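This report is written for a reader who has not seen this structure before. Please look over the sequence and the model, then read on.

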Amino acid sequence: MEDDFNIHNIRYIKAKTWTTDSFYRETKEKVELRKAEGCVTVEMEAAAFMAVSKFREVKLGIILYGGDDLSGVEWDSRSWNSRTEIRINLVQISLRICSSL
């Protein structure tokens, strides 16, 4: 994935991510702990994909798209639901990477 990003001059951040199954469990204390551990994102699906990938012995790479931002007091939607071109581009990049495996 990183090779593809570099070849195509795609900016990215390789970062530690916290994965949780419920945003209701994201207490202020847990968020601060995860930040102190170096997490810069939180998401809800990657852990399940990783578990299946490991069990099935299948290669897996995760590309996170930061569509919205919940790090502040108020939700910043970043207009994620109207940014179709970005999501289409991510699918195309992912397909290109998968086809090169």
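## The loop between α3 and α4

Glu57 sits in the loop that connects α3 to α4. The model is a predicted one, and in it the phi angle of Glu57 is near 55°, a positive value in a residue that is not glycine. Glu57 has a relative accessible area of 74%, and because exposed means over 50%, Glu57 counts as exposed.

Arg78 belongs to the loop between α3 and α4. Phi of Arg78 is near 50°, and here too the value is positive in a residue other than glycine. Arg78 has a relative accessibility of 37% and is therefore classed as partly exposed. Asn81 is also placed in the loop between α3 (46-56) and α4 (84-99). With 54% relative accessibility, Asn81 is exposed. Between Asn81 and Gly67 there are 8.0 Å in space, C-alpha to C-alpha, and the two are 14 residues apart in sequence.

## Ser53 in helix α3

Ser53 is part of helix α3. Is Ser53 buried or exposed? Its relative accessible area is 12%, and since buried means under 20%, Ser53 counts as buried.

Which residues does Ser53 touch, once its neighbours within four places in sequence are left aside? The contacts of Ser53 are then with Val58, Lys59 and Leu60.

## An aromatic pair

How many aromatic pairs are counted? The count comes to one. This pair is formed by Phe5 and Tyr12, with 5.1 Å from centre to centre and 50° between the planes.

Phe5 has a relative accessibility of 9% and so is buried. Tyr12 has 32% and so is partly exposed.

## The chain as a whole

The chain contains four helices and two strands. Read from the N terminus, its elements follow the order α-β-α-β-α-α. Along the principal axes, the C-alpha atoms fill a box of roughly 40 × 35 × 20 Å.

Of the 101 residues in the chain, 12% count as buried. The accessible surface of the chain is about 8,600 Å², and carbon and sulfur atoms account for 56% of this area. Among contacts between residues at least 6 apart in sequence, 40% join residues that are at least 24 apart. The side chains include 15 positive and 16 negative ones, and the centres of these two sets lie 3 Å apart.

## Confidence in the model

What is the average pLDDT of the chain? The average is 87, and 99% of the residues score at least 70. Among the elements, helix α1 (residues 2-7) has the highest mean pLDDT, 95. The lowest mean, 87, belongs to strand β2 (residues 39-43).

These scores bear on how the model is read. Where pLDDT is low, the predicted coordinates should not be read in detail.

Key: Residues numbered from 1 in each chain as written. Predicted model: local features only at pLDDT ≥ 70, side-chain atom pairs only at ≥ 80, totals over all residues. Heavy atoms only, no water. Buried < 20%, exposed > 50% of the residue type's maximum accessible area, 1.4 Å probe, protein only. Phe/Tyr/Trp six-rings, centres within 6.5 Å; stacked < 30°, edge-to-face > 60°. pLDDT = per-residue confidence, 0-100. Contact = heavy atoms within 4.5 Å. Areas by Shrake-Rupley, 256 points an atom, 1.4 Å probe, with all protein chains shown as cover. Lys, Arg positive; Asp, Glu negative; His and termini not counted. Charge placed at Lys NZ, Arg CZ, Asp CG, Glu CD.
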